[in-house]
Amino acid sequence: MNKIVISGNLTKDIDVTVNKNDVLVGKFTIANNSKVGKEERTSFINCVLFGDRVEKLVPYLLKGAKVLVDGRLEVNVVKNNELYNTYVNIYVDGLEILKFVNDEPKEEQKVSKYSKYKKAK
């Protein structure tokens with residue numbers, strides 16, 4: 001079983017693209033604060049959301065919004081020259097907005113057509 005539940009604040013507005021199969025892909029990063037003894041730590045977790053939910057959530061997944069996500073954790077280690085980089089992603093199954101940035105989305109944040117999004121390469 002691979003399941004993670006984590007909360008945090010969005011570090012920037014959701015980034016939306018359309019993949020090669022014409023499926024919406026929403027990417028966002030959450031900052032999760034934790035305490036170990038007296039030391040406070042912030043972890044930055046990349047999240048990926050697919051499908052029609054992306055379009056519906058664009059007006060609300062804005063920088064500073066507090067969210068609770070659950071999904072599948074994936075860790076990738078990539079070797080670049082002699083260095084290893086570790087990437088942590090959550091493929092989102094469920095998402096709850098715990099604190100909205102504002103009550104009413106701005107007009108430019110309202111979305112209706114896929115054509116607004118850039119096509120993934």
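User: Which residues line the largest pocket?
Analyst: Rolling a probe the size of a water molecule over the atoms shows where empty space is left. In this predicted model, the lining consists of Val25, Lys27, Phe28, Thr29, Asn46, Cys47, Val48, Phe50, Asn89 and Tyr91. A pocket is an open set of points on a 1 Å grid over the protein atoms alone, where a 1.4 Å probe fits, with protein on both sides within 12 Å along at least five of seven lines; lining residues have an atom within 4 Å of a point. Residues are numbered from 1 along each chain. Local features need pLDDT of at least 70, side-chain atom pairs 80 or more, while totals for linings use all residues, and side-chain values use heavy atoms, without hydrogens and water.

User: Which strands each supply at least two residues of that lining?
Analyst: They are β3 (24–36), β4 (39–50) and β6 (83–99); strands are DSSP runs of E, at least two residues long.

User: How many aromatic pairs does the structure hold?
Analyst: A pair of aromatic rings is described by the distance of the centres and the angle of the planes. The structure holds two pairs, with centres within 6.5 Å (planes under 30 degrees apart are stacked, over 60 edge-to-face, the rest tilted). Phe50 and Tyr91 are stacked, because their centres are 6.2 Å apart and their planes at 5°. Phe50 lies in β4 and Tyr91 in β6, so this pair ties together parts 41 residues apart in sequence. Tyr60 and Phe100 have centres 5.7 Å apart and planes at 80°, so they are edge-to-face.

User: Is Phe100 buried, partly exposed or exposed?
Analyst: Phe100 is partly exposed, at 43% relative accessibility; buried means under 20%, exposed over 50%, partly exposed in between (1.4 Å probe, protein chains only). Tyr60 is partly exposed too, at 29%, and Phe50 is partly exposed at 37%.

Notes: Helix = DSSP H or I, 4+ residues; strand = E, 2+ residues; numbered from the N terminus. Phe/Tyr/Trp six-rings, centres within 6.5 Å; stacked < 30°, edge-to-face > 60°.
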